[in-house]
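Please keep the sequence and the model in view while working through the points.

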Amino acid sequence: MKFHTEYLTFHTKKHREYIHITDKIGTIVAQAGIKEGMVLVSAMHITAGVYVNDNESGLIQDIDQWLEGLAPFRDSYKHHETGETNGDSHLKALLIHHEVIVPITARQAGFRTVAVYFLCGIRWPAR
């Protein structure tokens with residue numbers, strides 16, 4: 001069994017950003033020489049998530065509105081009693097999920113022709 005680990009770093013500037021990382025994941029899989037198996041893509045940050053879905057601007061706007069509707073920014077989160085002000089960001093990250101596992105077949109991370117990987121940074125920079 002072959003394993004490969006690689007870390008990517010992203011610096012976001014907005015309250016919430018959706019970063020298209022499909023090509024980066026595909027390149028890593030190809031360079032690792034893994035032809036069959038699984039790829040684990042993990043956000044590695046408590047207020048971020050990773051998801052696989054269509055790369056369509058309307059859908060991304062829908063996801064953004066959905067997240068804000070389910071976990072809107074407000075001052076009344078109990079988490080804010082710790083001195084932080086990002087209670088909504090933690091809840092939104094739970095909704096997006098922390099990681100995805102996708103099959104690799106024929107040296108491609110699955111879904112490459114149908115869907116794409118996104119890293120969703122949720123309030124990394126302070127407001």
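The points below cover salt bridges, a surface patch and backbone angles. The model is predicted. A search of the whole structure finds 5 salt bridges, and those that share partners join Arg16, Asp64, Glu68, Asp88 and Lys92 into one network.

**Salt bridges**

- Arginine 16 and glutamate 68 form a salt bridge through their side chains, with an N to O distance of 3.3 Å. This pair links distant parts of the chain, since arginine 16 belongs to strand E1 (residues 16-20) and glutamate 68 to helix H2 (residues 57-70), 52 residues apart.
- Glutamate 68 also forms a salt bridge with lysine 92, and here the closest N and O atoms are 2.9 Å apart. Because lysine 92 lies in helix H3 and glutamate 68 in helix H2, this pair ties together parts that are 24 residues apart in sequence.
- Lysine 92 takes part in a further salt bridge with aspartate 88, at 2.7 Å from N to O. Both residues lie in helix H3, 4 residues apart, so about one helical turn separates them.

- Arginine 16 counts as buried because its relative accessibility is 12%, and buried means under 20%.
- Glutamate 68 has a relative accessible area of 27% and is therefore partly exposed.
- Lysine 92 is buried, with a relative accessible area of 0%.
- Aspartate 88 is likewise buried, and its relative accessible area is 0%.

**A nonpolar patch on the surface**

- Met38, Leu40 and Ile101 form a nonpolar patch on the surface, and together they have about 330 Å² of accessible area.
- Leucine 40 is classed as exposed because its relative accessible area is 51%, and exposed means over 50%.

**Positive phi angles**

- Most residues other than glycine have a negative phi.
- Methionine 44 is not a glycine, yet its phi is positive, at about 60°. Methionine 44 is located in the loop between E2 and strand E3 (48-53), and this residue is exposed, with a relative accessible area of 59%.
- Histidine 97, also a residue other than glycine, has a positive phi near 90°. Histidine 97 sits in the loop between helix H3 (87-96) and strand E4 (99-105).

Technical notes:
Residues are numbered from 1 along each chain as its sequence is written. This is a predicted model: local features need pLDDT of at least 70, side-chain atom pairs count only at pLDDT 80 or more; totals for chains, interfaces and linings use all residues. Side-chain values use heavy atoms; hydrogens and water are left out. Patches are made of residues with over 30% relative accessible area and no salt bridge: like charges are joined within 9 Å, nonpolar side chains (Val, Leu, Ile, Met, Phe, Trp, Tyr) within 5 Å. Accessible areas come from the Shrake-Rupley method with a 1.4 Å probe; for residues, only the protein chains shown count as cover. A salt bridge is a side-chain nitrogen of Lys or Arg within 4 Å of a carboxyl oxygen of Asp or Glu. Buried means under 20% relative accessible area, exposed over 50%, partly exposed in between (1.4 Å probe, protein chains only). Helices (H or I, at least four residues) and strands (E, at least two) are DSSP runs, numbered from the N terminus.
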